[in-house]
Amino acid sequence: MSATNFKTENNTYRKLIGNGLTYSIPRFQRDYSWTDVEWEDLWTDILGTIQEGGEPAHYMGYLVLQSQDEKSFDVIDGQQRLTTLTLIVLAALKNLNRLIEEKNQPERNKQRMDQIRQTYIGYLDPVTLVSRSKLTLNRNNDGYFQTYLVPMGHLPQRGFRASEHSLRKAFEWFEKRVREHARDRVKNAGEDEGVALATLVETMSDRLFFTVISVTDELNAYKVFETLNARGVRLSSTDLLKNYLFSVLHRENEHPHEMKVLEDRWEAMVTRLGSESFPDFLRVHWISRRSFVRQSELFKTIRSRVASREAVFELLRGMEEDMDTYLALTQPEASQWPADLKGYARDLRMFSVRQPFPLIVAAHRRFASGDFESLLRSCVMISFRYNVIGSQPTNEQERVYYAVAQKTSNGEIVQAAAALEAMKAIYPSDDAFKAAFSEKIIRTSNSRNLRIVRYILCALERQAGGQDYDFESDSFNVEHILPQNPEDGWETFGDEEVDAMAYRLGNMCLLAKGANKDIGNASFSVKKPVLAASGFDLTRKIAEDNADWTPDRIAARQKSLAKFATTVWRIAQLS
C-alpha cells in the first residue's frame with residue numbers, strides 16, 4: 001500500500017463532522033444494528049467526559065474512510081458510531097426545539113439550534129425541510145433517516161425494517177437521556193436548560209476522538225478493514241466478505257445492474273441464514289466444493305480465489321445451490337425433506353456434530369436419493385459411535401470427511417458404498433464401540449444430555465422389544481435407579497460411588513411419568529415392583545435379573561446394553 005494513498009491522524013468528533021466534510025455509508029454496508037447495550041456504554045462514556053472533573057478525552061477507536069478529494073468520504077468502518085453520535089446531536093436539537101415550543105428563551109434557543117444543526121447535521125431547506133446532510137446512511141436506512149429523523153418530525157412505527165426501528169428507538173432512547181441530563185444540570189448547577197443542551201453537544205464533540213485512517217484507493221480501504229479485523233477489532237466476517245465482493249465488482253467497473261443483483265441476492269441469503277450463521281454456512285459450502293479451510297482463514301482463502309466478477313457470481317450461485325441443504329441440516333423442521341431424512345438431521349443437531357456437513361452437502365448435489373439417504377444415515381451412525389460415545393478428537397475426523405467431500409464433489413465418488421469405504425478410518429469397530437459404551441457416563445443434569453439418554457434408551461427398547469417410542473414424548477421420564485440424590489436404603493454406595501455410578505447408562509431406564517414421580521429417591525426394594533410392572537421391556541428386565549442394585553450390577557447391565565447398541569448403531573458394510 002503506497003504511503004501516498006494512506007493517511008492516519010487523530011481527530012475529534014468536532015473536527016471530523018464540523019468542518020464542511022460529508023460522510024456516506026456505502027449502499028452495500030450493513031444496516032444500523034446497535035442496541036441499548038451499545039447505547040448505554042456510549043452514553044456512560046460521554047457522561048464521563050462532560051462532567052466536572054471527568055476525563056479530558058475519550059478514545060472512540062478507528063474510523064476507516066475512503067476518499068478521492070478529502071471532502072467527501074465513504075465510511076468503510078465506523079458507521080455505527082458515527083450514526084449514533086449523529087442521533088445524539090439530533091436528540092439535543094429535539095430538546096432545544098421543545099424549549100422553543102415552551103417559549104423558554106425561544107430566540108436564544110433558536111440560535112443555538114440553528115448553529116448546532118448547521119455544524120453537525122447539515123443544511124435544512126427552510127421551505128421543503130429536505131436535508132442536505134453531512135451523513136448519508138446506506139440504502140436501507142437513509143430514507144427513514146433523512147425523511148423522519150433529521151427533520152425531527154413525527155416518527156411513524158409501522159411498515160419499516162427492523163434496522164429503521166432500531167434507528168427510531170436509538171433516537172428516542174437518547175432524547176430521553178439528553179433531556180434528563182439537561183434537567184439535572186438545571187437542578188444541581190443552576191444552569192439554563194438551553195445552555196446545558198448546547199454545552200453537552202460542544203463538550204462531547206471536543207472530547208471524543210478517533211484514529212482516522214484515510215485512503216484514496218478503495219481496495220486499500222478494504223485491506224485496512226481486513227487488517228483491523230485480524231487484530232481483534234469487532235467486525236462481522238459476513239460484512240467483511242460482502243464488502244470485498246462488492247469491491248471486486250467496483251474494481252471491474254461493473255454495470256450498476258450487477259451490483260443491484262449481488263446486493264439483493266446477498267441480502268436474501270443473509271436473511272434466510274441469519275448473519276451469525278452465515279460464516280458457518282460459507283465454510284461448509286467452501287469445503288464441500290473447494291478446499292479445506294479453518295474458519296479463521298476463510299476470508300483470506302476466498303479473497304485469494306475469488307478475484308473477478310465471474311468468480312464472484314460463481315461463488316454466489318454455488319452458495320444459493322447449497323443453502324437449502326445446509327438449512328435442512330440446521331433447521332430440519334422447516335425443510336421439505338422426507339421424515340426419515342429430517343430425523344437423521346435432528347439426530348446430528350442433537351449430537352452437536354457438524355463435521356460431516358461438507359460431505360453431506362456435496363453428496364446432496366451428486367448422489368441419487370437412495371445413496372444420499374444411506375450416506376446421511378451412516379453419518380449419524382458414525383457420529384454416535386465416534387463423537388457421542390467414543391468422545392474421539394475431531395481433527396482427523398474432519399479431514400476424512402473433507403477428503404471424501406472433495407472426491408464426491410469432483411465426481412470420483414458417486415455412490416454411498418464408495419463414500420463409506422473411504423470413511424472406514426473414522427468408524428469405530430464393534431469391539432471398540434462396545435468397550436466405550438460399557439463405560440459411558442452421561443450427566444443428565446444437562447438438558448441436551450438428557451435428550452441423548454432418552455434417545456439411546458428408546459432405541460435400545462425398540463431393539464429389545466420391537467416397540468417404537470418417540471424419545472421426545474412427555475409420557476415417560478428417565479429413571480435413575482441409583483438416585484442422583486440418594487436417601488435411605490442406599491448406604492452401600494459411598495459419595496464417590498454415587499457420583500461415579502448415578503449417570504452410568506447402565507443405571508438409567510425409561511419409566512412412565514407417574515411411576516417415576518411416585519418412587520422418587522426410594523430404595524431398590526421399593527422401586528423393584530414398580531420396575532417389574534413397567535411397559536418397557538428393558539426396564540422390566542432390571543427387576544427380573546437383579547435381587548439388589550450394586551456397582552457390579554450396574555456395570556453388568558451396561559455391558560449387556562452395549563451388546564444391543566452394536567446392533568442398533570451399525571453400518572453393515574463397515575462392521
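Colleague: How many contacts beyond four places in sequence does the model have for residues 231-235, where pLDDT stays under 50?

Modeller: This is a predicted model, with residues numbered from 1 along each chain as its sequence is written, in which local features need pLDDT of at least 70, side-chain atom pairs count only at pLDDT 80 or more, and totals for chains, interfaces and linings use all residues. Side-chain values use heavy atoms, with hydrogens and water left out. Where pLDDT (the predictor's confidence in each residue, from 0 to 100) is low, the predicted coordinates should not be read in detail. With that caution, for residues 231-235 the number of contacts (heavy atoms within 4.5 Å) beyond four places in sequence is 7.

Colleague: Which helix in the protein chain has the lowest confidence?

Modeller: Across the protein chain the average pLDDT is 89, and 91% of the residues score at least 70. Among the helices (DSSP runs of H or I, at least four residues, numbered from the N terminus, as are strands, E, at least two), confidence is highest in α15 (residues 357-366), at a mean of 98. It is lowest, at a mean of 59, over residues 218-230, which form helix α8.

Colleague: What is the phi of K103 near?

Modeller: K103 lies in the loop between α3 (79-101) and α4 (106-121), while E70 is in the loop between β3 (58-66) and β4 (72-77). E70 is a residue other than glycine with a positive phi, near 60 degrees. K103, also a residue other than glycine, has a positive phi near 60 degrees.
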